[in-house]
Amino acid sequence: MFKKILIANRGEIALRIIRTAKEMGIKTVAVYSTADKESLHVRFADEAVCIGPPPSAQSYLNMASIIAAAEITNSDAIHPGYGFLSENAKFSEICRAHGIKFIGASPEMINAMGDKANAKATMLKSGVPVVPGSEGLIESAEEGIRLAKDIGYPVIIKATAGGGGRGMRIIWEDAEFEKNWDSAKQESKAAFGNDGIYMEKYVEEPRHIEIQLAGDQYGNVCHLSERDCSIQRRHQKLLEESPSPFITPELREKMGAAAIAGAKSINYEGLGTIEFLVDKHRNFYFMEMNTRIQVEHPVTEEVINYDLVKEQILIAAGVPISGKNYYPTKHAIECRINAEDPYNNFRPTPGKIEYLHKPGGHGVRVDTHIYAGYTIPSNYDSMIAKMIVCAQTREEAIIKMERALGEFIIEGPGIKTTIPLQIKLMQNEDFKSGNFTTAFMNTFDINK
Ligand code: MV4
């Protein structure tokens, strides 16, 4: 087993990893930017190394500083968390070259899934359903228009280097093709340095349901059931839950088996997630694979009663997984709490927290790095907490979440949070009935 792990991240996920490492008897090393000097991950790790100034590019994305920190502390592994370097093939490669175990995907896996057109082709070959569309990249607007005749409008064009919505355009007719093609190409080039574009039939008002997977180096792959992530705004998830209110046991079996087949075909090792679009007829289609631990992993942890960070560390250390699938025995919901004003276009509200009360009670979990006196820096993502509730049924979980949100008090000059929005969501009849798609937040009005 590893003796010492360096955590190349900040915030709640850095704390989350430190907690499990401690329970496993593994020493921890925090890295931090000067903006995070007073952070809890710095305080709770066994050692801490400053890796640079506040901008991520000079600290949490600074590979040379992080590797140097790992070497001077004699760390034998690096856990990248989510975001930052977690899906950076070059960093995974550099860790390997330095004899440091990267607790995440190999460079080969990251590259195979990072190019979306290529990932889609790989999944198609292993029998995973994919949305009808171009075979690989399309070279011109003319080729796209020709193909759209076969597929039928609406179509969606996507950046092969993309994900999370950037470089994506929905097209409804021939006349709109050319201008969308040009702007998608430009946006992709600017955002990813890669302007490869592919095309798909546009699935209208889908649900976003993802399957959590675990694979080991002996070829075992199992699924840990699904999370429903349809409640999102501008590709930022607000709430996730498991089980999905839309899924049936039969659909879970089919999606789980497809996800396992896809992961096995690439000898996937570690934790990973396959995201699916699910249409109103319960047809499901491969969208992307994430080769990291995700923000919403606690939802799965609560319903299957297993520590996924521990699972990741064990797999990285070469311990075989059980090989059996895990099914939800309860219902869990996670609300993301962001330091943003939901009444003012989700404008970020950094600043000093002067008063804090965290909710509690049976089935309530709060994963956060904030404390009274903590200053939320303006340099990073505005998520400051995740609250996860777990109950026997979805109805009870919603009641519990509304109750717990009402107890969550975060106050300081200028600070606003998404808590009022989350409370309104818990009271919304369509949310309560489970009748929602990825389009839900387009029409949700916090003032109603
Ligand atoms: C789609 C789609 C409909 N049809 N592809 C959004 C992010 C990127 N990962 C892929 N996305 C979508 N791809 C086809 N063929 C609709 C979306 C989409 C979406 C997907 C999941 C969650 C929220 C979404 C919001 C808008 C669009």
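**Notes on the predicted model**

1. The model is predicted, and the points below should be read with that in mind. A nitrogen atom of the ligand is 2.7 Å from an N or O atom in the side chain of Glu288.

2. The shell around the ligand has 17 residues, of which Lys158, Glu200, Lys201, Val203 and Glu288 come nearest. By class, the shell divides into 7 nonpolar, 6 polar and 4 charged residues. Strands β6 (155-159), β8 (197-201) and β15 (284-290) each supply at least two shell residues. Domain 2 (132-201) and domain 3 (207-443) each contribute at least three.

3. Where does the largest nonpolar core draw its residues from? This core has 50 residues, and those with the most contacts inside it are Leu6, Ile78, Phe91, Leu213, Met255, Phe276 and Phe286. Helix α9 (residues 249-265) gives the largest share, 6 residues. At least three residues come from each of domain 1 (4-103) and domain 3 (207-443). Another core, of 38 residues, lies apart from it and includes Ile370, Ala385, Leu425 and Ile446.

4. Is Arg252 buried or exposed? Arg252 counts as buried because its relative accessibility is 11%, under the 20% cut-off. The side chain of Arg252 makes a polar contact of 2.8 Å with the side chain of Glu226.

5. Helix α10 (residues 297-304) is largely enclosed by the rest of the structure, because 7 of its 8 residues are buried. The buried residues are His297, Pro298, Val299, Thr300, Glu301, Val303 and Ile304.

6. Asn305 follows α10 and sits in the loop between α10 and α11 (308-316). With a relative accessible area of 65%, Asn305 is exposed. Its phi is positive, about 60°, although Asn305 is not a glycine. Arg234, in the loop between β11 (232-233) and β12 (236-237), likewise has a positive phi, near 50°. Arg234 counts as exposed because its relative accessibility is 63%, over the 50% cut-off. As background for both entries, most residues other than glycine have a negative phi, and most peptide bonds are trans.

7. Pro154 is in the loop between α7 (141-151) and β6. The bond from Ser242 to Pro243 is also cis, with omega near -5°. Pro243 lies in the loop between β13 (239-242) and α9.

8. A last item concerns Asn62, in the loop between β3 (47-52) and α3 (63-72). Asn62 counts as partly exposed because its relative accessibility is 21%, and the cut-off for buried is under 20%. The C-alpha atoms of Asn62 and Leu85 are separated by 9.0 Å, and the two residues are 23 apart along the chain.

Notes
Residues are numbered from 1 along each chain as its sequence is written. This is a predicted model: local features need pLDDT of at least 70, side-chain atom pairs count only at pLDDT 80 or more; totals for chains, interfaces and linings use all residues. Side-chain values use heavy atoms; hydrogens and water are left out. A residue is near a molecule or strand if one of its heavy atoms lies within 4 Å of it. A polar contact is a pair of N or O atoms within 3.5 Å; within protein, one must be able to donate a hydrogen and the other to accept it, and residues adjacent in sequence count only if both atoms are side-chain atoms. Helices (H or I, at least four residues) and strands (E, at least two) are DSSP runs, numbered from the N terminus. Ala, Val, Leu, Ile, Met, Phe, Trp, Tyr, Cys and Pro count as nonpolar, Asp, Glu, Lys and Arg as charged, and the others, Gly among them, as polar. Domain bounds come from an automatic or database domain assignment. A nonpolar core is a set of buried Ala, Val, Leu, Ile, Met, Phe, Trp, Tyr and Cys residues joined through side-chain atoms within 4.5 Å. Buried means under 20% relative accessible area, exposed over 50%, partly exposed in between (1.4 Å probe, protein chains only).
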